[in-house]
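These are my notebook entries on one structure. I set down what I looked up, entry by entry.

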Amino acid sequence: GVPGQINKQAGVSLEYGHIHDWRNVHIKDELEMEFSIPVYIENNAKVMALAHKWLGQNYDTQDYLFICIRSGISMACMLNGQLYLGMNNNAGEIAHFTLLDSARHCYCGKVGCLEMEASNNAILSKIQERMMVGKFPDLRAKTDDADLNLEMEDFIQCVREGSPDGLELLEET
């Protein structure tokens, strides 16, 4: 499972915006040479959706959307029990859908991409911005680091504790 855009037939990872200069990596060839086994590549969210189907606990559902939210956002579509790939293997690529009420600049060059509003990285970035203007005081008190290095668990804990700033950001997201 490879994040970002891929060319399955060529075995190439075309790009992944979260790793600087990750473009046109011939990952299939590299892995086959390293491990001397056949390698098949697919987008990581699609692989996770297949794993959910194969390893799920007696799920009878044949049609579902598997949404993966981490450093980025991606989605896989399962239709009639099969992975739906769409044109050029791009079904489920929702990270760069434009949200009209967002002004955040994305690494792709567009403004308002879903990934800039709802990914883990986006949430942590918003917390850091808000901490700089006095929000999230409980979290700020727990953070000794001047760089405000946070983890997603910090946000989850704020929400669980009923932090007004955490709940507001959760609702917004």
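Entry 1: I began with Glu15, which counts as partly exposed because its relative accessibility is 34%; buried means under 20% relative accessible area, exposed over 50%, and partly exposed in between, with a 1.4 Å probe and protein chains only. Arg23 and Glu15 form a salt bridge, with their closest N and O atoms 3.6 Å apart. For this I took a salt bridge as a side-chain nitrogen of Lys or Arg within 4 Å of a carboxyl oxygen of Asp or Glu. By this rule I count eight salt bridges.

**Entry 2: basis of the values.** I note that this is a predicted model, in which local features need pLDDT of at least 70 and side-chain atom pairs count only at pLDDT 80 or more, while totals for chains, interfaces and linings use all residues. Residues are numbered from 1 along each chain as its sequence is written, and side-chain values use heavy atoms, with hydrogens and water left out.

**Entry 3: the salt-bridge network.** Which residues are linked in a network of salt bridges? I find Arg104, Glu117, Lys126, Glu129, Arg130 and Glu172. Within it, Glu117 meets Arg104 in a salt bridge at 3.9 Å, N to O. This pair links distant parts of the chain, 13 residues apart: Glu117 is in helix α3 (residues 115-118), and Arg104 is in the loop between β6 (82-84) and α3. Helices (H or I, at least four residues) and strands (E, at least two) are DSSP runs, numbered from the N terminus. Glu117 counts as buried because its relative accessibility is 16%, whereas Arg104, at 22%, counts as partly exposed. Glu117 also meets Lys126 in a salt bridge, at 2.5 Å from N to O, and both Lys126 and Glu117 are buried.

**Entry 4: Glu172.** I then looked up Glu172, a network member found in helix α7. Glu172 is partly exposed, with a relative accessible area of 40%. Leaving aside neighbours within four places in sequence, Glu172 is in contact (heavy atoms within 4.5 Å) with Lys126 and Arg130. From Glu172 to Glu115 I find 14 Å, C-alpha to C-alpha, across 57 residues of sequence.

**Entry 5: the faces of α7.** Which residues of α7 are buried? They are Asp165, Gly166 and Leu169. Seen down the axis of α7, these fall within an arc of 100 degrees, so they line one face of the helix; the arc is that of the directions from the helix axis to the C-beta atoms. An α-helix has 3.6 residues a turn, so residues three or four places apart point the same way. The buried residues of α7 pack against α4 (120-131), α5 (137-142) and α6 (152-160). On the other side of α7, Pro164 and Glu171 are exposed.

**Entry 6: Asp165.** Asp165 belongs to helix α7 (residues 164-172). Asp165 is buried yet has no salt bridge, and the nearest side chain of opposite charge, Lys135, is 4.1 Å away. Here Lys and Arg count as positive and Asp and Glu as negative; His and the chain ends are not counted. Not counting residues up to four places away in sequence, Asp165 touches Lys135, Phe136 and Pro137.
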